[in-house]
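The following exercises concern the reading of a protein model from its coordinates. Each task is followed by a solution in steps.

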Amino acid sequence: MPESMINRESSAPDSWLEVIDSDSPILLIAPHGGRAEPRTRALLNPKVNDLHTADITRTLALRLGASALINVGMDRNRLDCNRLSQIIEHAPWLLEIIADRLAGVVARHGHATVLLVHGWNIIEPRIDLGLGLRNVGGELCPPGSACVSASDDFINGPLTDLAERLRQIGIKPSYGMRYPGGGVQNLLQAFSSRHRESPVAALRKISEISIDGIVDAAQLELSVALRMPGELRARCEDAIAAAFAPDRTPSRPPRNPIVVNRSPRPRVVKPEIGAAATVAAPGRVGIEFFDPNTRIGAMASFDVGGAGMGARIMLLFDRRRAALFTAEGRPTRSESSVTHGPLSLTREGDSIVLSFRGPAVIVPDSTAYLSIERALASGRLDGAMEVKVRFEIESGGADADFNFDRILRSSADSSQIASSSAAFGRVAGSVCVDGTAHEVSGYARAGMSFTGLGPQKFNARRMLWACFDGGGALHALEARSITSDDAPPAENARILRADGWSSCDLRELSIHTASVEEPPKSIFASMEHPDGSVFELEGSAECFIPLSRPGLEQSRIYTTLGFASFQSGTHRGAGMFEYSRRAESVMTGADDLEDSDTD
């Protein structure tokens, strides 16, 4: 490499910013490469830093001979280097550095390519390409008032080349699917005409240079599987380096070039629907199972209605370990199956088959998931986790009314459709996680997902299901209790016996935990059958995972979720439990609490 192309580190005004200078037409920026600070613990709903993006950007700068501005230490909860308003208020010198570097690149080369490297906290191998555009009906269109940050030649040239290279190595490209980069405060918008009249001189300078069509800027949102060290990350870095290499051979124009509609979409006036209206929660179809012998439990679900767009599978094993795969986008549905990438749920005759083979993040201690950032920092990628289990539906049995095909066509959640929304029974198959294969045989529930989010407005929610060994009068049961400030408690229970489902009066449902980091100390339910008989259930947690997510009205929801062994009289079995509660202050002593995933 010529001396003029060798990267050189230069001083930055602050130690958290790493500056690499080079005689190259490419400028790389990593806005969220820092880590959470101790002070972040006190925030109720902090944001997640984009782990590994600093290292990836540094590697790409070396391979491309590019200049780079890399945030290596600033917590985005203290200063978000992707938010123009925060940069202007707290680090205006950063915009001046960007403006000076951009002007220098254009003066030397007549054009500039700017790539902003971000992280997207889904796990499937995917890159979302942000250009101030979103795919609408096969065309790329600006959402809202966004301005486009790149030329048609760039979009149908290097960016299309990158997309094709990614497809060839099993990585999905998308255009603005989750992060179009169109918000007025998004740093990407600085490289468009949007801020040409800004009173901030440095921001106005960046925009004025970009107006002339000599700057192409794109936001690269890399999923977790592409950022964690391993083969997928290496392939991704190879594809990016090849697509933007200075000596790359320009690709031939695509046969069907991407149509870029640069006119902002007209604002749609939404009808007044009342202050109490909320976005519909996703309807989810899935399966959960637990093997008491191996103590392996899994829950897999697909969004089939409402506001949901995704799929996921979580495996709990070795009592405290967790493996997770998540994907975003509409699953593919047919009359008898639902699929999202490597994850599928299919009816085969009188069976339902769960199949998965793909990347999963393994976290050694499930309590880390009280903070997404802490969990991802402690995890590593298993590139080929496998799950293949078969759930047998008892034809003509107690679940005779269960119709999996009808459920696939439904968009309701499990609390809103008929009692035949779920079937209970035995499951058998195999699991390979972290390189170790296991044969599993246990208890399962399939149909509308037990782990669906459901209504968000509650103070506490307790739920459980249990399935018992065959041959007895009691086959399965479910119980739910939801409390809120503005409504009486919503409680329901039902028991499945040989003659079918019966609704019951829920007398008590308690799930006690000493703290959000610990498994339940006790699980107990009592319900009365219409014939006057009383069923009491006791459970013992076998494996669990604590979770937290932003709630309504500046609150946070803490969830304890897991699998348990159950006993009701002489009946023994296993199943799941959930205890969620809403909090207006931090309830955990964990090191970090980051859980908001925004670009």
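**Exercise 1.** Is serine 207 buried or exposed, and with what relative accessible area?

*Solution.* The model is predicted: local features need pLDDT of at least 70, side-chain atom pairs count only at pLDDT 80 or more, and totals for chains, interfaces and linings use all residues. Residues are numbered from 1 along each chain as its sequence is written, and side-chain values use heavy atoms, with hydrogens and water left out.

Step 1. Buried means under 20% relative accessible area and exposed over 50%, with partly exposed in between (1.4 Å probe, protein chains only). Serine 207 has a relative accessible area of 0%, so it is buried.

Step 2. Serine 207 belongs to helix α5. Helices (H or I, at least four residues) and strands (E, at least two) are DSSP runs, numbered from the N terminus.

Step 3. Contact means heavy atoms within 4.5 Å. With neighbours within four places in sequence left aside, serine 207 is in contact with Ala190, Ser192, Ser193, Arg194, His195 and Arg196.

**Exercise 2.** Determine where the buried residues of α5 lie around the helix, and name the elements against which they pack.

*Solution.* Step 1. The buried residues in α5 are Ala202, Leu203, Ile206, Ser207, Ile209 and Ser210. Seen down the axis of α5, these buried residues fall within an arc of 160°, so they line one face of the helix. The arc is that of the directions from the helix axis to the C-beta atoms.

Step 1. An α-helix has 3.6 residues a turn, so residues three or four places apart point the same way.

Step 2. The packing partners of the buried residues of α5 are α2 (84–90), α3 (92–109) and β10 (215–223). After α5 comes glycine 213, whose phi is positive, near 75°.

**Exercise 3.** Carry out the corresponding analysis for α1, including its span.

*Solution.* Step 1. Helix α1 (residues 53–64) has 12 residues. The expected span of a helix is 1.5 Å times one less than its number of residues. From its first C-alpha to its last, α1 reaches 16 Å, close to the 16 Å expected.

Step 1. Thr53, Ala54, Ile56, Thr57, Leu60, Ala61 and Leu64 are the buried residues in α1. Viewed down the axis of α1, its buried residues fall within an arc of 160°, so they line one face of the helix.

Step 2. Glycine 65 follows α1 and has a positive phi, near 65°.

**Exercise 4.** Compare the exposure of leucine 316 with that of aspartate 247.

*Solution.* Step 1. Leucine 316 is in strand β14 (residues 310–317) and is buried, with a relative accessible area of 0%. Its C-alpha lies 6.2 Å from that of alanine 298, 18 residues apart in sequence.

Step 1. Aspartate 247 is in the loop between α7 (231–243) and β11 (259–260) and is exposed, with a relative accessible area of 68%. The C-alpha atoms of aspartate 247 and leucine 64 are separated by 9.6 Å, although these residues are 183 apart along the chain.

**Exercise 5.** How are the rings of tryptophan 120 and tyrosine 179 arranged?

*Solution.* Step 1. Rings of Phe, Tyr and Trp (its six-membered ring) pair if their centres lie within 6.5 Å; planes under 30 degrees apart count as stacked, over 60 as edge-to-face and the rest as tilted. The whole structure contains 7 aromatic pairs.

Step 1. Tryptophan 120 and tyrosine 179 form an edge-to-face pair, at 5.9 Å centre to centre with 80° between the planes. The pair links strand β5 (residues 112–120) to the loop between β9 (172–175) and α5 (201–211), across 59 residues. Both tryptophan 120 and tyrosine 179 are buried.
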